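Hello,

Here is the structure I promised to pass on. Please have it open while you read; my notes follow below.

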Amino acid sequence: MLIIGIAGGTGSGKTTVVRKIIEQLPAGEVAVLPQDSYYRDASDLPLEERLKINFDHPDSVEFELLIKHVKDLKAGKSIEQPIYSYVTCTRAEETIRVNPSEVVIIEGILVLTHPKLRDLMDMKVFVDADADDRLMRVIKRDIVERGRSVDRVMERYECTVKPMHEQFIEPSKRYADLIVPQGGNNQVAINLLTQHIARELNAKHKNK
């Protein structure tokens, strides 16, 4: 099993990079563990308090469960991945069954900030993008997918997204084995990354 961590700022294009990697590898060989699924359940808080949650701080993520799930997959066990709603800031009762795969991609803004999670990764990738480009993507995504107003998106960006990026996410770049500039638009870097994954898989198959 090859475990790859893919981090980068909010709106950097991580999801696009992951999708393009999956498209170039054999069907069924890749399992994805999005950090977004592992945000802590806040159903015990009033809705007004939930809306104030800082999703860009490492404390908002239940890393203990994510690490356990990665270890379970490495041990050949299936896991029940949580389903998290940004609209209600709670986890659903349902889960998603994820089976062990040749490649496991852990994707999210904070996945390179946690030492024990990093130690489980065979390869660490940071998707880099210009701050203005990221902001435009965040505005579009949060309005369409998360039902937020432009004013609320901008307020959140200034109060949490930007300072947390500078404090936690940008510094985690130094742990990356590979940096992908221009996010999902950098097809050359994505092709090189996919070729490396394919080579690693072939080498693992030969050593079996």
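**Aromatic cluster**

Tyrosine 39 and tyrosine 84 are both buried. Keep in mind that this is a predicted model. For tyrosine 84, the relative accessible area is 12%. That is under the 20% cut-off, so tyrosine 84 counts as buried.

The two tyrosines also form an aromatic pair. The geometry is tilted, with 5.7 Å centre to centre and 55° between the planes. Tyrosine 39 lies in the loop between β2 and α2 (47-50), and tyrosine 84 lies in strand β3 (residues 79-85). The pair therefore ties together parts that are 45 residues apart in sequence.

Tyrosine 84 has another partner in phenylalanine 55. This pair is edge-to-face: 6.1 Å between centres, 75° between the planes. Phenylalanine 55 sits in the loop between α2 and α3 (63-74), 29 residues from tyrosine 84 in strand β3, so the pair links distant parts of the chain. Phenylalanine 55 is buried too, at 3% relative accessibility. Together, Tyr39, Phe55 and Tyr84 make up one aromatic cluster. A search of the whole structure gives three aromatic pairs.

One more ring deserves a look. The charged end of arginine 118 sits over the ring of tyrosine 175, 3.5 Å from the ring centre.

**Sheet**

Five strands form an open sheet, in the order β2-β5-β1-β6-β7. The pairing is parallel. At the edges are β2 (30-34) and β7 (178-180), each pairing on one side only. Neighbouring strands are turned by 20° against each other on average, ignoring direction.

How many bridges join β6 to β7? Three, between parallel strands, with β6 covering residues 123-127. Valine 127 stands opposite valine 180 of β7.

**Cores**

The largest nonpolar core holds 33 residues. Leu33, Leu66, Val70, Ile106 and Leu117 have the most contacts inside it. At least two residues each come from β1 (2-8), β2, α3, β3, β5 (103-107) and α6 (150-169). Helix α3 gives the largest share, six residues.

What does leucine 117 touch, leaving out residues up to four places away in sequence? The contacts are Phe63, Leu66, Ile67, Val70, Ile106 and Val111.

Another core lies apart from the largest one. This core has 19 residues, including Ile4, Leu25, Val30 and Leu193.

Best wishes

Note on methods
Residues numbered from 1 in each chain as written. Predicted model: local features only at pLDDT ≥ 70, side-chain atom pairs only at ≥ 80, totals over all residues. Heavy atoms only, no water. Pairing = 2+ DSSP bridges. Helix = DSSP H or I, 4+ residues; strand = E, 2+ residues; numbered from the N terminus. Axes fitted to C-alpha atoms, helices over the stretch in contact; angles between N-to-C directions. Phe/Tyr/Trp six-rings, centres within 6.5 Å; stacked < 30°, edge-to-face > 60°. Buried < 20%, exposed > 50% of the residue type's maximum accessible area, 1.4 Å probe, protein only. Lys NZ or Arg CZ within 6 Å of the ring centre and 35° of its normal. Core = buried A, V, L, I, M, F, W, Y, C linked by side-chain atoms within 4.5 Å. Contact = heavy atoms within 4.5 Å.
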